[in-house]
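Subject: Structure handover

Hello,

Here is the structure we discussed. My notes on it follow below.

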Amino acid sequence: MSSTPVTGSSFTNPVLPGFHPDPSVCRVGADYYLACSSFEYFPGVPVFHSRDLVHWRQIGNALDRPEQLHLPPGTPSSGGVYAPTLRHHDGRFWLITTNVSGGGNLLFTATDPAGPWSDPIRLSEVEGIDPDLAWDEDGACWCTCAGVHQVRIDPHTGRTLGAPRRIWSGTPDAKAPEAPHLYRIGDHWYLMIAEGGTERGHAVSIARGPTPGGPFEPCPANPILTHRGTDHPIQNTGHADLVQGPDGSWWMVLLGVRPGGGTPGWHVLGRETFLAPVTWVDGWPVVGELSLTPPAPPWPLTPAPTAPVRDDFDADVLAPYWISPGHHPAQRLTTTKRPGWLTLEAGDPSLDDPDVTFLGRRQQHHSCRVRALVDPDRGSGGLAVRLDERHHYAVELAASGEVRVIARVGSLRTVVATRQATPGPLVLRIETTSASSPDGPRSGPDTVILGIEHADGTLDDLAALDGRYLSTEVAGGFTGRVIGLYAATHTIHADWLDYEPNDR
Ligand code: 6LW
């Protein structure tokens, strides 16, 4: 169902808010497709569709079968699936990525990007992360990885054809040359990379040469994009991919973060996908305005249908935005055992364990309200905002009616508050509120309120916690907050979950 196209003066960045890092984009006719990293979460590598580069609708996940995504028990947060590259060639879609916890570099193909995608073609001889795919005029396929190393491969078997070669590795002394993407544009081969590390020093640089393997001449204006050393509201800009529109215009998708609070600034939504225009001057790309409300592209924008606030769990299959750490959701939960309810079977007993039964969706708004009607049955479980197994806040309900707010920050685990409710189903709620502007240098990015709604509808906030401890600057890693339901013991059920954006 597509909405009516609108023409506006600007659009809102990020175009994919929330934990959607390392974007890779391609275009087939009038359709754009984009894929992102997914790390320890299953299903892996979310795939999106757009007709205007601004509005994206998730059409599936490329790795939605256990045989595509092996995550050994205990896979830690920020393990698993790193940066993908998504391309269309020879009538097929190609997706190459790295599972750092099981399998290394893997190649998948599909005729429909919504899936099903193939089982993995293993590239066991290809070292490194951030693999890119590019085909030259003779049909040879070149795989270029962080470092930056390149090797010719047979994309049908995964075998390497020749020895890997180190090619251009970015600005001398700049760290972490990664996220390489190779393009044939006009008379040149362009090699674009990220460098400086995915934190505040992140940058995009580019070079060009006569062949896919160089030799490469660096752009005199490198880095062509960075926000390091500025107070720009979008930071850590890097890990970019280029795409040309049907009208010949060029665009860049890239990752960035939106820190909040005082100094040093904390980002809680992970690395998000942003869009910026690109023009070409003297055969080099110049990145245009990268802001929170940049000028709209010169074509009608087609708003994508927004996800409903409420998920009733009435369908036999879960919406594609639901993810679980470490295992396929279907291994631990179902919407058919108790029709109209999500039933979660407990695995490891706590969110402190990588293999907990948790089903969540990416927090995509700094201010949002999440509510869920939870029946603890004979067990216990609840609603949580998770950054990783060592950084999460939860409101947990037991069969006895006892409600506890549990905070895990690093090695500290605390029951912050308890309440006795009437045993039985209860609405649990988590509300995040971000300060519109820092309240002094020591202020955090947001406050996380955890509470319940009694049967008579009265709200009962049990705790209001500082959100900085659920930020990447505190926790580290490559992911972002995920909010959802978990089972701690036995089996619990959820009738519905509401995710209500409250960003002003
Ligand atoms: C990814 C690397 C990076 O492999 O972070 O921002 C790593 N760039 O390119 C994990 O996302």
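A polar contact here is a pair of N or O atoms within 3.5 Å; inside the protein, one atom must be able to donate a hydrogen and the other to accept it, and residues adjacent in sequence count only if both atoms are side-chain atoms. By that criterion, a polar side-chain atom of T198 is 2.7 Å from an oxygen atom of the ligand.

The model is predicted, with local features requiring pLDDT of at least 70 and side-chain atom pairs pLDDT 80 or more, while totals for chains, interfaces and linings use all residues. Numbering starts from 1 along each chain as its sequence is written, and side-chain values use heavy atoms, without hydrogens and water.

Ligand site

D130 also has a polar side-chain atom 2.4 Å from an oxygen atom of the ligand. In the side chain of E178, an N or O atom lies 3.4 Å from a nitrogen atom of the ligand. On its own the ligand has 290 Å² of accessible area, and the protein covers 98% of that (Shrake-Rupley method, 1.4 Å probe). The ligand is surrounded by 13 residues, the closest being D22, D130, T198, H239 and R271 (a heavy atom within 4 Å). The shell comprises 6 nonpolar, 3 polar and 4 charged residues.

Nonpolar cores

A nonpolar core is a set of buried Ala, Val, Leu, Ile, Met, Phe, Trp, Tyr and Cys residues joined through side-chain atoms within 4.5 Å; buried means under 20% relative accessible area (1.4 Å probe, protein chains only). The largest has 38 residues, and L383, V395 and L485 have the most contacts inside it. Among the residues that L485 touches are F313, L342, F358 and V374, leaving out those up to four places away in sequence (heavy atoms within 4.5 Å). A second, separate core has 21 residues, including I185, L225, A276 and V287.

Cysteines

There are 0 disulfides in the structure (cysteine sulfur atoms within 2.5 Å). C143 is in no disulfide either, with the sulfur of C145 nearest at 4.1 Å. C141 is buried at 2% relative accessibility, and C143 is buried at 1%.

Regards

Notes
Nonpolar A, V, L, I, M, F, W, Y, C, P; charged D, E, K, R; others polar. Buried < 20%, exposed > 50% of the residue type's maximum accessible area, 1.4 Å probe, protein only.
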